[in-house]
Amino acid sequence: MDDLISKALNQTGANHQQAHGALAAMLKRELTPDMELPPMEFLMRLFGEPCFPRRELVAITGRAKSGKTFVMSIIMLMCLIKQALRFERDGEEPLKVMWFDTEQSDQSTLDIIQNRIMEMFHRKMGPDIPFPKENLRAFNVRFETCETRRKGFQALVPHVKPDLVILDGIRDLVPDINDGAEAQRIIEEMLSLAQANNCCILAVLHQNKSGESRDPRGWLGTELLNKAFDVFATEKLKLQNGQEARYVFKLEQL
């Protein structure tokens with residue numbers, strides 16, 4: 001009987017400590033009318049509007065072959081140069097970008113770096129300007145397990161210390177895209193990671209494969225829509241004769 005009473009008292013004490021800790025955490029999050037918060041720091045502008053804020057999660061979605069990788073290339077290039085197309089880097093200093101590629105082959109990832117990003121860089125800056133390779137860190141994890149990718153991503157961000165992270169794609173960090181609890185957990189992890197490392201995490205997720213819906217796929221897509229600071233969608237444009245136009249894409253904010 002004494003052991004049962006002791007266990008009950010210990011459990012009561014543990015519950016009280018947990019409740020006290022939860023209350024303390026919530027009180028730290030209270031916002032009052034007389035508070036002054038620092039302004040959000042955005043990494044870039046698109047059509048003059050600020051985008052990609054530090055300490056936030058941003059999403060890009062689209063159907064397969066709709067231009068997501070092309071847009072990712074331009075965004076990575078923008079970390080290295082001041083202006084391209086309708087994007088403009090907000091600060092004068094180059095940014096450090098980390099590309100975490102879960103989908104393509106090693107050859108495809110390297111081809112995009114060498115024959116797209118580097119080529120556009122030299123075309124803009126001049127052939128004699130050295131490419132700032134220390135500002136672009138790329139990791140291809142297509143052949144790793146889901147758990148290894150997830151743990152590796154969480155370890156790489158604080159190690160690399162990037163300003164912008166391209167997570168291409170977030171679906172490959174979870175075993176089931178329709179597991180609601182897992183979807184909530186991974187989105188919370190991404191938000192915490194962005195906050196702790198003062199970076200913007202740009203998560204890429206495919207849209208639904210069929211139907212009129214343009215929402216990102218699965219329960220993971222629903223959580224991403226709910227929690228992301230901004231959601232952008234890519235779409236391949238069509239010519240007037242109905243044929244798909246090659247390399248002509250539309251980027252819009254959902």
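## An aromatic pair and its cluster

Phe87 is buried, at 5% relative accessibility; buried means under 20% relative accessible area, exposed over 50%, and partly exposed in between, with a 1.4 Å probe and protein chains only. This is a predicted model, in which local features need pLDDT of at least 70 and side-chain atom pairs count only at pLDDT 80 or more, while totals for chains, interfaces and linings use all residues. Residues are numbered from 1 along each chain as its sequence is written, and side-chain values use heavy atoms, with hydrogens and water left out.

The structure holds five aromatic pairs. One of them is stacked: Phe52 and Phe87 lie 6.4 Å apart, centre to centre, with 15° between the planes. Rings of Phe, Tyr and Trp (its six-membered ring) pair if their centres lie within 6.5 Å; planes under 30 degrees apart count as stacked, over 60 as edge-to-face and the rest as tilted. The pair links distant parts of the chain, since Phe52 belongs to strand β2 (residues 49-53) and Phe87 to strand β5 (residues 87-89), 35 residues apart. Phe52 is likewise buried, with a relative accessible area of 2%. Together with Phe232, Phe52 and Phe87 form one aromatic cluster.

## The chain as a whole

Six helices and 11 strands are found in the chain. Helices (H or I, at least four residues) and strands (E, at least two) are DSSP runs, numbered from the N terminus. Of the 254 residues in the chain, 40% are buried. The accessible surface of the chain comes to about 15100 Å², and carbon and sulfur atoms hold 52% of that surface. Accessible areas come from the Shrake-Rupley method with a 1.4 Å probe; for residues, only the protein chains shown count as cover.

Among the contacts in the chain with a separation of 6 or more, 67% are between residues 24 or more positions apart. Contact here means heavy atoms within 4.5 Å.

## An open sheet

Four strands form an open sheet in the order β2-β1-β5-β4, with antiparallel pairing. The edges are held by β2 and β4 (83-84), each with a single partner strand, so one side of each is left without a neighbour in the sheet. Two strands pair if DSSP finds at least two bridges between them.

Two bridges join β4 to β5, and these strands run antiparallel. Ala84 stands opposite Phe87 in β5, and this Phe87 is a member of the aromatic cluster with Phe52 and Phe232.

## Salt bridges

The structure holds 10 salt bridges, each defined as a side-chain nitrogen of Lys or Arg within 4 Å of a carboxyl oxygen of Asp or Glu. In one of them, the side chains of Asp90 and Arg45 meet at 2.8 Å, N to O. The pair links distant parts of the chain: Asp90 is in the loop between β5 and β6 (97-101), Arg45 is in strand β1, and they are 45 residues apart. Asp90 is partly exposed at 34% relative accessibility, and Arg45 is partly exposed at 30%.

Another salt bridge joins Glu189 and Arg150 (3.1 Å, N to O). This pair also links distant parts of the chain, with Glu189 in helix α5 (residues 180-197) and Arg150 in helix α4 (residues 146-160), 39 residues apart. Both Glu189 and Arg150 are buried. Within helix α5, the side chains of Glu182 and Arg185 meet in a salt bridge of 3.3 Å, N to O; Glu182 and Arg185 are three residues apart, about one turn of the helix. An α-helix has 3.6 residues a turn, so residues three or four places apart point the same way. Glu182 is buried, with a relative accessible area of 14%, whereas Arg185 is partly exposed at 42%. Salt bridges that share partners join Arg150, Glu182, Arg185 and Glu189 into one network.

## Covered and exposed places

Helix α2 (residues 68-78) is mostly covered, as nine of its 11 residues are buried. Among the buried residues of α2 are Lys68, Val71, Ser73 and Met78. Gln207, in the loop between β9 (200-206) and α6 (218-227), is buried too, with a relative accessible area of 4%. Leaving aside neighbours within four places in sequence, the contacts of Gln207 include Thr61, Gly62, Arg63, Asp215 and Ala233.

On the surface, Leu31, Met35 and Leu37 form a nonpolar patch with about 330 Å² of accessible area together. Patches are made of residues with over 30% relative accessible area and no salt bridge; like charges are joined within 9 Å, and nonpolar side chains (Val, Leu, Ile, Met, Phe, Trp, Tyr) within 5 Å. Leu37 lies in the loop between α1 (2-28) and β1 (42-46) and is exposed, at 60% relative accessibility.
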